[in-house]
Amino acid sequence: MVSEQKGFNHNNATYATILNKLAQSKKFKAVDAVLYQMKYDTCKFHEGIFLNLMKHFSKFSMHERVLEMFHAIQPIVREKPSLKCISTCLNLLIEANQVDMAQQFLMHLKKSLNLKLNTCIANILVKHYCKNGDHESAFEVVKKMKKSKLSYPNLITYSTLIDGLCQSGKLTEAMDMFEEMISKEQILPDVLTYNILMKGFCRAGKVDRARKILDFMKSKGCNPNIYNYSTLINGFCKEVRLKEAQELLDEMKSFGIKPDTVVYTTLIDCHCRTGRVDEAMELLKEMKERRCKADTVTFNVILGGLCRECRIEDALKMLDELPYEGIYLNKGSYRIVLNSLYQKGDLNKAKELLRLMMGRGFVPHYATSNELLVSLCEAGMTDDATMALFGLVEMGFKPLLDSWAFFVESICRERKLLPAFELLDELVLHQESIFKESPKRMLSKILDWEDKSKKNKAVKKKQKLEEKQKVMKKRFWRLSAILRSTMTTSFFPKAVSNFDDDCDVDFDDGCDVGFDGDNHYDNYYDDDYDGDFDDDDNYG
């Protein structure tokens, strides 16, 4: 081992890397073993290792372990936890809504570390109360902060309060708090504070007020950033005011702010929802020219717009070509077009898209898959439905019980019993835990169809034989009638005496009768003979 080599010692970075990898892989017993070894190592450790472990445990909802990591800092690092470490631990507990544990944690800090309320901890509490809509408790914390010499409210405190009020729709109170912050406390707002107010007004449908806030911040020397413009553009697009949104985009460019993917996607979505797909495609082209990479959401928005405008061929072309251009599409991309094809009843194209989709490893929406497969069967495309079903089942798709029954019944109708039994095998292999009695019921359906098929074949064969015998009988009696009417007593002996073994006698009605040595005959009638003697039959 490396640690056994002469002159080699582990350091803080080595332990940090090992613990990070183990925590990511959920190897928590191994984490405990390494932490135990660290207690006896002479290496100088830093609390950053434990901050990282606390975040991992919080991510996996192991909140008790978060506190354990905090309490392990002093024995291993051999120093008291810093304010940053205390704030991180408290914030993780508050974010996870572990209020009781957070209160116990604060009580422990007060007793063991003689910790008093400071601005950082107070801001975490204010954020918690605002997030839960408890504004009174948030204001109580702020009052205590103002009385304390260690924790006076700062910009983060007021921004958090303003955000909480805006989230609750209390825009008037939010503006009052904003004015109090500037006039009384002499705290200047930053772009984040302005953005909170703009977002609040846009959410309430008051986009013009949000625009005035943007103008106000520029007049006060605070230059807007991309997030401010993105918020306002989104507000105008929601109200379908494309002209104002486009003006803001041009204004951004004039100030040297490069629009990002979110801004372009917001505008493209608005164009598509208003039926302006060509304008949306122009914006997509502009993104490419400005080297702003469109993401999956952008292309899904355009695909939806093309489908709404019945431009299915363009949508299918995009689905086919984009992956070859290095653009990632998700299952939602294919589902948008597939749903549109199914709703319009274009089953042939839907079938082809389903094949492409499964070939690229994507499964359609559960309800759409069931409905599409049933529709294919109803349209007489049972073979296509069966092939699609086998592919979907292999990818983990589980059709509804009624769908299974319908597939089997459709195949049986077409007298394709082998595929029906194959379907039943798939059902037993893949769906046995879900459908308990359904295989028996479907097997009985198949056997019923098989019995009916055999019976129908036997009946048809018998009917065909009876009809053939009936026709032969009629033909024999007709021949006898012809012979009786044409051969007289004087002619008959002479005619018989002149017959040889291969004699052929021709009659005027087109009937050829050939006699052989055994007095058997072959009779060939016209195709229009109906088997009955009537006035239309001319037999000499």
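The following legends describe close-up views of a predicted model. Local features need pLDDT of at least 70 and side-chain atom pairs count only at pLDDT 80 or more, whereas totals for chains, interfaces and linings use all residues. Residues are numbered from 1 along each chain as its sequence is written, and side-chain values use heavy atoms, with hydrogens and water left out.

**View 1. Helices H14 and H15 cross in a left-handed sense.** The axes (lines fitted to C-alpha atoms over the stretch in contact) of H14 (residues 226–238) and H15 (residues 242–254) come within 8 Å and cross at roughly 165 degrees. H14 is therefore roughly antiparallel to H15 (an angle over 145 degrees). Helices are DSSP runs of H or I of at least four residues, numbered from the N terminus. In contact (heavy atoms within 4.5 Å) are residues including Tyr229 and Phe236 of H14 and Leu248 and Met252 of H15. By class, the contact has 10 nonpolar, no polar and 2 charged residues.

**View 2. Cys237 is buried and the structure holds 0 disulfides.** A disulfide requires a pair of cysteine sulfur atoms within 2.5 Å. The closest cysteine sulfur to that of Cys237 belongs to Cys270, at 4.2 Å, and is too far for a bond. Cys237 has a relative accessible area of 1%, where buried means under 20% (1.4 Å probe, protein chains only). Cys307 is likewise in no disulfide, the nearest cysteine sulfur being that of Cys310, 8.9 Å away.

**View 3. Ser375 lies in helix H22 (residues 366–378).** Ser375 counts as buried, at 15% relative accessibility. Leaving aside residues up to four places away in sequence, Ser375 touches Tyr342 and Leu347.

Terms used
Axes are lines fitted to C-alpha atoms, for helices over the stretch in contact, and angles run from 0 to 180 degrees between N-to-C directions. Helices (H or I, at least four residues) and strands (E, at least two) are DSSP runs, numbered from the N terminus. Angles under 35 degrees count as roughly parallel, over 145 as roughly antiparallel, 65 to 115 as roughly perpendicular and the rest as oblique. A crossing is left-handed if the near helix is turned anticlockwise from the far one by less than a right angle, and right-handed if clockwise. Ala, Val, Leu, Ile, Met, Phe, Trp, Tyr, Cys and Pro count as nonpolar, Asp, Glu, Lys and Arg as charged, and the others, Gly among them, as polar. Buried means under 20% relative accessible area, exposed over 50%, partly exposed in between (1.4 Å probe, protein chains only).
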